Amino acid sequence: MNEQLFRAIEARTDDLVALTADLIRFPTVNPPGDAYTPCAEFVGERMRRSGFETRFIRGEGTPGDSDRYPRTNVVARREGRSPGPTVHFNSHIDVVEAGEGWTVDPFAGTVRDGKVFGRGACDMKGGLAASIVAVEAFLEVHPDYPGAIEVSGTVDEESGGFGGVAYLAGLGLFSKPRVDHVIIPEPLNKDRICLGHRGVWWAEIETKGTIAHGSMPFLGDSAVRHMGAVLSAFEEELFPALDLKQTRTPVVPEGARRSTMNINSIHGGQTEDYYPGLPAPNVPDSCRIVIDRRFLLEEDIQNVKGEVLSILERLKSDRPRFDYAVRDLMEVLPLMTERDAPVAAAVAAGIREVLGKEPDYVVSPGTYDQKHIARIGHLHDCVAYGPGILDLAHTPNEWVGIADMVESAKVMAMSLDVLLRGVGR
Ligand SMILES: [Zn+2]
């Protein structure tokens, strides 16, 4: 039976390539969230032709949603002949901006040297196309399958997923009993199963000062110098401490197995808009940084925040006139699906069969839409699995390999077989 399924996918190779290129041609750049509606309609039309019922759901009132840039999602469902579980393939249709450095048109869907090029080729229109072709091949070989299959194309993953998976999860579309197993075809490489991700805490830290004439700084109080004290305390204490924290979870790349923090930005004093003139002399009364702290499954978010706050509190008691404010911007708790969860086991069986090797289990350094499925939908049988090389995501000349897409489509089709028909279980 597997042979038949695999042949059905191989026979669709040209279709898979064309579908990937077609999807790339919708410039679904986020922000602002361009071309979401035509791209969702294109996916919906394709699924309708394969016998799916399709729904278009706009994330009304979510960040960025407007009549000009509606947050249009598509959810397609096809019932089987008899009752059984539902397997859902969820892909985001948004891409990040193309940026500089391309040698091909980022929205042309160029096919060359066994690869499809374009913004979103690997992250993750190639994965969406592979899942659609996997489903269609499965339907041809097993028209009498039990349960149900769903395919969704959702928006705004790159900006947090609030108008996409979070919104749909809020409507109950990612919960039992409607859905049992979810595969997210993010580009984790065809032989790797991504079980979850690290946690995130974004915050803005502001130091405060007193404005005065720059020729007499002793009359004021420099917020930038106070921030300098914060940064040097981070250098001396916080970064070395984070570097010592190691997770037992298989985060890739290996550098992300430790706790990390990025300082995303720093702004202090007057604006830099004085060009082409000269700046006026002022003692800065405010300085702000944004921190991006990524934490491990073993860490507690209150401790993560406490490490930063205790440094700020100590500066407040030790350093004259030091004052600060912290504003939380976003927090996501780390999560990890168990390796023996049904969906992970099904994908693993597919990898063994198709690639003849054991899967690598990984955890992502950054978050993706699995967080909403777990936290809002309370559905934990979810993994990310898809073609494409993660390191190529968001880079110029992004591509996805055609052979990789074919192989991962086979793995996805076999996963369906295991989860719906119990084959190989
Ligand atoms: Zn992605």
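**Figure 1. Contacts of Lys316 in the predicted model.** Leaving aside neighbours within four places in sequence, Lys316 is in contact with Phe322, Asp323 and Tyr324; two residues are in contact if their C-beta atoms, placed from the backbone, lie within 7 Å. This is a predicted model, in which local features need pLDDT of at least 70 and side-chain atom pairs count only at pLDDT 80 or more, while totals for chains, interfaces and linings use all residues. Residues are numbered from 1 along each chain as its sequence is written. Lys316 lies in helix 7, residues 301–318. Helices (H or I, at least four residues) and strands (E, at least two) are DSSP runs, numbered from the N terminus. Lys316 counts as partly exposed because it has 13 C-beta neighbours inside 10 Å. A residue is buried if 20 or more other C-beta atoms, placed from the backbone, lie within 10 Å of its own, exposed if 12 or fewer, and partly exposed in between. Ser50 is 266 residues from Lys316 along the chain, and their C-alpha atoms are separated by 64 Å.

Figure 2. The 4 strands have the order 10-11-9-12, with antiparallel pairing. Two strands pair if DSSP finds at least two bridges between them. Strand 10 (260–268) and strand 12 (324–332) stand at the edges with a single partner strand each, so one side of each is left without a neighbour in the sheet. On average, neighbouring strands of this sheet are turned by 15 degrees against each other, direction ignored; axes are lines fitted to C-alpha atoms, for helices over the stretch in contact, and angles run from 0 to 180 degrees between N-to-C directions. Strand 9 (residues 199–208) pairs with strand 12 in the antiparallel sense over 8 bridges. Trp201 has Glu331 as its bridge partner in strand 12.

**Figure 3. Strand 8 and its partners.** Strand 8 runs parallel to strand 14 (residues 360–364), and 5 bridges join the two. With strand 13 (residues 335–336), strand 8 pairs in the antiparallel sense over 2 bridges. His197 has a bridge partner in strand 14, Ser364, and another in strand 13, Leu335.

Figure 4. Domain 1 contributes 7 residues to the contact and domain 2 contributes 9 residues. On the side of domain 1 that touches domain 2, strand 14 gives the most, with 3 residues. By class, this side of domain 1 has 5 nonpolar, 1 polar and 1 charged residues. Ala, Val, Leu, Ile, Met, Phe, Trp, Tyr, Cys and Pro count as nonpolar, Asp, Glu, Lys and Arg as charged, and the others, Gly among them, as polar.

**Figure 5. The protein chain as context for the close-ups.** The protein chain has 10 helices and 16 strands. Its C-alpha trace spans about 80 × 45 × 40 Å along the principal axes. Of the 425 residues in the protein chain, 48% are buried. Among contacts with a separation of 6 or more, 81% are between residues 24 or more positions apart.
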